[in-house]
Amino acid sequence: MSILPVPDTAIIVVAAGSGTRLDAGAPKAFVGIDARPILRHALDGVFAARPAQVIVVAPAGHEGDAETELRAAAGERADLGRVVTGGLTRQQSVAAGLAALWGDVTTVLVHDAARALTPPALIDAVADAVTGDAGVIPALPVVDTLKRIDGGAVTGAVDRSELAAAQTPQGFPRALLESAYAEALASGSEYTDDAALFAAAGHPVRRIDGSERGFKITTPADLERARQLLAPARVGVPIPRVGIGTDVHAFGGEGTLWLAGLEWPGEHPLSGHSDGDAVAHAIVDALLGAAGLGDIGEHFGTAHPEYAGAHAEVFLARTRELLAEAGFTIGNVSAQFQANRPRFSARRAEAERVLSAALGGAPVSVTATTTDGLGFPGRGEGVSVTAVAIVIPAT
Ligand code: CTP
Ligand code: MG
């Protein structure tokens, strides 16, 4: 036997609109904000408020989808929920919801599913504020300066202190709301919201403070706003850091060329401390720069004779160690060298593999270009390299 008291409040969640202005290819209630649709978010809010009968008014043909969202949101309160079919106008949809009220209900809240992020506390506050003879709406002050217009002409000012922007849920004593709906039906009048219909029947409506989160998802920009509000908090997510490095070496000296981690038999060598691999050196500076750990001269310069003649792997592996000690992970590296020779494309993949392996597997890409005969690379005097790197600090 159930021991739950039957609630004296009902919330009619109108979700039967087509969402013409949102234009998302589905009835608005079933458009996803994140992994969950608008209706689900609205119902999550409704079921986080105090227990009430919940009537979801669904678009014709989508009752089953609405039922799925209702069950998912209701959890243990599934017995309190039901789905009915909506009408052609919002007013008809509310009327369909009213027809499904339980006998014990004395207070009725009408809520737009499209106000998907309405805080549960606002729902409770509206329910609390309803009295036996008056309706309640949440409303926000109007912030824009308002003008009266006639076509393209501004014909007057409107004092915004006399105005407020109405939201939902709107709460009413049940008997008066039902009779007001009956009157509207009899007269064939359509009202823009329930408070207007209720007031037209001669009943007072009071206002409580609305909520910024109670905005209605009407246009694509509103949907984007809802998505932003639901995006996971970025607190604690590390911000990647970027670094840049350049290096230039002249051709000269004895031996073979070392460039981009590879030996190039038959090509003129580059002169310089170590093997003159300007690609590797630019990458080292990009990584150290991104991490704020100084530069290549400081860690590998002539004061460090152990690196004389060393190849790219040694430099890069040590750089990776320095970064790891400082708490940085390497995101990726991209380098480009300017030179007439060597012809690079046939060995690009090989070079990228070697450099990436030296950096613990972080992606490394290397591109090569000539300079149309201009400058020292164009005259074949040397190689110029630019590299950029992304590193990610520990949280
Ligand atoms: N609504 C309804 N039945 C209708 C029309 C609207 O239940 N025949 C509901 C909508 O689902 C929405 C709320 O009333 O939750 C507010 O309406 P609105 O924002 O205008 O939604 P739509 O009518 O769907 O949108 P549009 O006017 O852009 O087509
Ligand atoms: Mg509409």
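**Reading a strand and its neighbours**

Me: Which residue in β2 stands opposite V14?

Reply: V14 has V57 opposite it in β2. From β1, the chain passes through helix α1 (residues 38-48) to β2, a right-handed β-α-β crossover. Right-handed means that, with the strands pointing away from you, the path from the first strand over the helix to the second runs clockwise. By the way, this is a predicted model, where local features need pLDDT of at least 70, side-chain atom pairs count only at pLDDT 80 or more, and totals for chains, interfaces and linings use all residues. Residues are numbered from 1 along each chain as its sequence is written, chains are lettered from A and ligands numbered from 1 in the order written, and side-chain values use heavy atoms, without hydrogens and water.

Me: Which strands pair with β1?

Reply: Helices (H or I, at least four residues) and strands (E, at least two) are DSSP runs numbered from the N terminus, and two strands pair if DSSP finds at least two bridges between them. Here, β1 runs parallel to β2 (residues 53-58), with five bridges joining them. β1 also pairs in the parallel sense with β4 (residues 107-112), over six bridges. There, V14 sits opposite D112.

Me: Is β1 mostly covered or uncovered?

Reply: Buried means under 20% relative accessible area, exposed over 50%, partly exposed in between (1.4 Å probe, protein chains only). In β1 (residues 9-14), six of the six residues are buried, so by that cut-off the strand is mostly covered. T9, I11 and V13 point one way, while A10, I12 and V14 point the other, and all are buried.

Me: Where is I244, and is it buried or exposed?

Reply: I244 is in strand β11 (residues 241-250). I244 counts as exposed because its relative accessible area is 57%.
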